[in-house]
Amino acid sequence: MSSVTTLPLTVLAWEGPQARAYLVRMRMAGLRPERIVLIVRSAAALRGRGRASRRPVFMGRAERVQDRVHNFHPYEIRQHHPELVNAIADAMAPFHPDPAATFDAMFGGFSFDDHADEVVRVSADSYKDPRIVAALSRAGVGDMLFTGGGIVPPAVFAIDGIRIFHVHTGFLPYVRGADVLLWSLLTRGRPGVSAFVMTPGLDDGDVLAAEELEPLAVALPAGPRPDDATLYRALFSFIDPLIRAELLVEQVLKPSGGDLSGLATSPQDATIGITYHFLHEAVRSRALQLLFTDPDPSVGAAWSLEPPAEDEAAARLARVGAPGGYQHFYDSLSARAPLTFERDARRADSSVRAQSIRNRRQDYAGLAGNASRRALHAALNRELARQDVEWPSYDYGEGWFYQSSERLGITGLRDTDGRVAALDLLGRVRGRRVLEIGSNTGFLSIEIAAAADRVVAFELNPHLVDMARLAAAYCGVDTVEFSVDAFEDFEVGEVFDDVLSFANHHTYDGNTRQSLTDYFARCHRYTAPGGRLLFESHPPELEGDGFPQTLAIIERYYEIEHMEVPEYGTALDKRRRFVVGRRRETVGPPVD
Amino acid sequence: MTLADVFSDLRTAIAVPSAGVDGAAINVPSLVAGWLDRGPAVFAPHTADGDALDALCRQIDVRGRVSEAYGPDWRRLDPEAPAAAPVVAGVVAVLLANAADVGPRGNDGWGLKCANSALKALDRWPDLPELSGLRLAVMTVLDQVSDRAGAA
């Protein structure tokens, strides 16, 4: 269990995305303020009339109403535009460790009581309400984080010993004022963010931290573009709060080591910078066009996913997407997913399956900020689900992938990239025609395709072949020909310079219908004159009749040129023999 | 009609009071008339002209009004008299002149800020004199902002 550091900090919480983002991000970093002073507005005030009730019996209800009113837009957008929220999460991934999980934490079961040792609720309708000053004074507040919601009156600044921090989405001192995130995009081409000590003036206090971020653009999903009002609300619900929270935590609170009294500040140069006001809607529209970019029509043409074709398939997949399945975790990134994966890993009936689920969990974390990869993983997961229902034999990936692929963001039980490097496969197959027997998900064939002249790969399990085709399309590889075949039935009217037999000479799924001799005879048949067999064994304990026997049979058909036990990869990669044999023109005598 | 023509026409329409308002440190008709006399120009921020135009931006954007006169540091007077329509139109013209360089390689925030305030003023006061010339100028600025978006 990780430790939590309580900071000598009060958060003056004005209910809304900004306050929630700060608290959630602090929690992610193992930090919490010692106190939250939560302003609870009366239902009447929220409806635009009357004053706050002083009766505490109504505080709970008022707080719930306030949640619904102040967070109305993020709730609405999450409900009606989930694809927009996903797109924002993807775009925000370079700026924040886990935007999707943060959104879930902010707007799914959030409670202020989970985020501080003490939560003081103050019934007040605005910062002018003297009950706020009274509550802050009573609590002896020193360092305090402002979370927006209005103008802080002089009486708050006058509280003895108070110092108020604020984070502003403009790069100080150059960008001050309102709507500054959009102003920054328009005038500086990138967002900026600054933390400073508030004064009664406008954004002119001493700066704690300030930076300009990398250019930010949200690639909108295909379909009608949301109207500007929705995009503007999405900006303040999901983008602006995360940018503020990230700077606050990473550049102010964490470096402080819990001692806020020692925070260094620097004064602003008042002779530079511009104070901006709210954007006119015509200018705002142009800023939103910069921030929310329409989908590139060529993307869909290059990479599209087909929906399930049959009603039966749809029903089956719906089951996978139901609670307990995983597909919904890919349709919309979820903070619950890693927890579910970990739970399932602990319940797994084998260590290999547990490892696969943890690999899935690891890969899932890499989907934020990468929309195309997420689409790929969603499609692959759909195929895994089909396989789970339809494939009667052993699943070598045990719920996730047997082969890994760095460029696909997939961690498998076997290390494909390590294998390609350790066996110098790119060098060996360069410019040659290659046949891969039992290609599994095809990730190895896809890797060597860049070097080979052509790759033909076949695999008995049709689901693995479908996944291979998806992966090849994603990688833009069109020089691999995948097919569904058993080696016993495989027929092709050509021979190959290199035949890859990677741990396929016998299998433990019960699907092999030929002897080792027949197997290597078939390899020999498809090897071009002068061509080679590239062979990888199973680990010794799984090598059936034993590796010497296997090698003896290979030697009937191939002259052994090279043999090694390469050191690379996962536990399943270890202790395998790699053999390179040159095709014999005359087959040797049978092995006893 | 060019922005220079608009400047000229508005200058003739502005009556500069011979006597100041009681307690006024800033006489807006005089200020605007002086700017119109000089013709379209881009002010540098944090200069006397830049600060004065910046203060008028705030009056338009935040307060939604332009007064005939202000006290020291642009404090409002009591009572507060609204500026005449040609004066407000003059402010808009000067704002648009300051937005003249807005574009992919324009004067960055200052020009955009001025354009933004000009747009708000045209919404707030739809019956200003020289409206067609002002609208033409603001359309040009908006096109330049769009070019800017496209170039980003």
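This is a predicted model: local features need pLDDT of at least 70, side-chain atom pairs count only at pLDDT 80 or more; totals for chains, interfaces and linings use all residues.
Chain A has 592 residues, of which 45% count as buried. Its secondary structure comprises 23 helices and 18 strands.

Seven strands of chain A form an open sheet. Their order is 3-2-1-4-5-7-8, and the pairing is mixed. Strand 3 (118-123) and strand 8 (207-212) of chain A stand at the edges. Each has a single partner strand, so one side of each is left without a neighbour in the sheet. From one strand to the next, the twist averages 20°. Within the sheet, strand 1 (residues 5-14) and strand 4 (residues 143-146) of chain A pair in the parallel sense, over 3 bridges. In this region A:Thr10 stands opposite A:Met144, a residue of strand 4 of chain A.

Helices of chain A pack on this sheet, including helix 3 (residues 59-70) and helix 7 (residues 130-139). Helix 3 touches strand 2 (31-40) and strand 3 of chain A. The direction of helix 3 makes about 100° with that of strand 2 of chain A. Helix 7 touches strand 1, strand 2 and strand 3 of chain A. The direction of helix 7 makes about 155° with that of strand 3 of chain A.

A helix pair was also examined. Helix 15 (residues 336-347) and helix 16 (residues 351-365) of chain A pack at an angle of about 170°, with their axes 8 Å apart. Angles over 145 degrees count as roughly antiparallel, and the two helices of chain A are therefore roughly antiparallel to each other. Helix 15 of chain A contributes A:Ala337, A:Pro338, A:Phe341, A:Glu342, A:Asp344 and A:Ala345 to the contact. From helix 16 of chain A come A:Ala354, A:Ile357, A:Arg358, A:Arg360, A:Arg361, A:Tyr364 and A:Ala365. By class, this contact has 8 nonpolar and 5 charged residues, and no polar ones.

Chain A also meets chain B. The contact involves 16 residues of chain A and 20 residues of chain B. On the side of chain A that touches chain B, helix 9 (180-188), strand 10 (274-276) and helix 11 (281-291) of chain A each supply at least two residues. Helix 11 of chain A gives the most, with 5 residues. The residues of this side of chain A divide into 9 nonpolar, 6 polar and 1 charged.

Definitions and conventions:
Residues are numbered from 1 along each chain as its sequence is written. Chains are lettered from A and ligands numbered from 1 in the order in which they are written. Two strands pair if DSSP finds at least two bridges between them. Helices (H or I, at least four residues) and strands (E, at least two) are DSSP runs, numbered from the N terminus. Axes are lines fitted to C-alpha atoms, for helices over the stretch in contact, and angles run from 0 to 180 degrees between N-to-C directions. Two residues are in contact if their C-beta atoms, placed from the backbone, lie within 7 Å. Angles under 35 degrees count as roughly parallel, over 145 as roughly antiparallel, 65 to 115 as roughly perpendicular and the rest as oblique. Ala, Val, Leu, Ile, Met, Phe, Trp, Tyr, Cys and Pro count as nonpolar, Asp, Glu, Lys and Arg as charged, and the others, Gly among them, as polar. A residue is buried if 20 or more other C-beta atoms lie within 10 Å of its own, exposed if 12 or fewer, and partly exposed in between; C-beta atoms are placed from the backbone.
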